[in-house]
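Hello,

Here is the structure I said I would pass on. My notes on what was found in it follow below.

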Amino acid sequence: MFKSDKTPVWLMRQAGRYLPEYRALKEKYSFLELCRSPELAAEVTLQPLRRFEVDIAIIFADILLPLQGMGIELDFNPGPKIFNPVSKPEDVKSLSADGGESNKYVPEAIRLVKKEHDTIFGFCGSPWTLACYITDPGKYKHFQNTVIFARTQQAAFEDLMEMLVEVLSEYLNLQLEAGVKAVQIFDSWGGILSAEDYKRYSLPWIEKLLSKVNGNTILYCGNGQHLLEEVFESSADYISLDWRCNLEAACALAQKKNKGIQGNLDPTILFESPDIVSKATKSMLSKVAPDVPYIANLGHGVLQDTPIESVRTFVDTVHG
Ligand code: CP3
């Protein structure tokens, strides 16, 4: 995906509330307004690139945006709130396989960013992770309700997953046509599943999605340290590692499966002193086998209140 010898670097959630220029825009616009306006989304996407030497822009959007077109009513405050969660088979039947306006405003924002910065990544949520939000009545903390739904309403669960695969494949292909170099699939809640259930409820739908996507792909599985073998079985080109994953073990799998890796500094390390941030970043880099294609990143998104100078230290240390 990258031809230069230099290790490329970006940070998940590199645009957001730790940046004063983002908070200034949030005084005037809601999160959904920022996402739904191509001009504002492009501006927010470019904000971190004006401050840091990150190599990759990540389109400013949210994994939940395509759900609006499907008929899911949602808002952010700042976490997501779903007003009509799916709980029975009839609820699945009332949804449609339509990504709605996100199929227009996200690709348009990508085109605007590309006028200023060519290397941009797109993304979407995994079918499993989106099913978690869609079926969550807020009863359990870690989306156990979705596991129960998958176990007890098998046909409705499968219909929902098929619908998500259709919506997400169209959404990702439109992002690729708009010019993103790669798309990342966020399986943020994959890690709540055992390996056996991961192979039943998440991975097959990721595979179906990947088979329909025409471009470079990255798979991130949150809290997925017990699922390394499984994610490396996927056909994604790169595996993005949670900070709890062992980088050396992941490199051995990457060599065996001919994949690249991305990650995986613990985002809380950015709250340490610059010296420690720099040492931890160097330690991460030293664990990556030289023959494995590698993109430096965190093991999850930048946290709110992260010191800006630590982001700079992380990026500059990668560039050596
Ligand atoms: O990486 C980037 O810079 C692009 C922006 C981005 C956002 N959401 C913006 C956002 C990306 C890649 C996402 C993906 C996303 N959204 C995921 C997958 C990544 C992960 O964290 O595992 C998930 C699970 C969501 C759902 C979501 N959206 C949550 C849980 C929240 C609340 C989290 C928080 O920080 O409070 C959101 C809201 C959200 N998405 C914000 C941003 C900048 C905060 C909204 C605000 O600024 O008010």
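**A buried alanine**

Ala131 has a relative accessibility of 0% and therefore counts as buried. Please keep in mind throughout that this is a predicted model. Ala131 belongs to helix H7, which covers residues 127–134. Setting aside neighbours within four places in sequence, Ala131 makes contact with Thr146, Leu160, Met161 and Leu164. Pro85 is 46 residues from Ala131 in sequence, while their C-alpha atoms are 9.8 Å apart in space.

**The sheet**

Seven strands form an open sheet with parallel pairing, in the order E1-E4-E5-E6-E7-E8-E9. Strand E1 (57–58) and strand E9 (294–298) are at the edges; each has a single partner strand, so one side of each has no neighbour in the sheet. The partner of E9 is strand E8 (residues 260–265), and the two pair in the parallel sense over five bridges. In one of these, Gly263 is bridged to Ala296 in E9.

**Two helices in contact**

Helix H13 (residues 274–286) and helix H14 (residues 308–319) have axes that come within 9 Å and cross at roughly 35 degrees. The crossing is right-handed. On the H13 side, the residues that meet H14 are Pro274, Val277, Ser278, Thr281, Lys282, Met284 and Leu285. On the H14 side they are Ser310, Thr313, Phe314, Thr317 and Val318. By type, the residues of this contact comprise six nonpolar, five polar and one charged.

**Cysteines**

How many disulfides does the structure hold? It holds zero. For Cys245, which is in no disulfide, the nearest cysteine sulfur is that of Cys221, 7.8 Å away. A disulfide would need the two sulfur atoms within 2.5 Å.

Regards

Methods
Residues are numbered from 1 along each chain as its sequence is written. This is a predicted model: local features need pLDDT of at least 70, side-chain atom pairs count only at pLDDT 80 or more; totals for chains, interfaces and linings use all residues. Side-chain values use heavy atoms; hydrogens and water are left out. Two strands pair if DSSP finds at least two bridges between them. Helices (H or I, at least four residues) and strands (E, at least two) are DSSP runs, numbered from the N terminus. Axes are lines fitted to C-alpha atoms, for helices over the stretch in contact, and angles run from 0 to 180 degrees between N-to-C directions. A crossing is left-handed if the near helix is turned anticlockwise from the far one by less than a right angle, and right-handed if clockwise. Contact means heavy atoms within 4.5 Å. Ala, Val, Leu, Ile, Met, Phe, Trp, Tyr, Cys and Pro count as nonpolar, Asp, Glu, Lys and Arg as charged, and the others, Gly among them, as polar. Buried means under 20% relative accessible area, exposed over 50%, partly exposed in between (1.4 Å probe, protein chains only).
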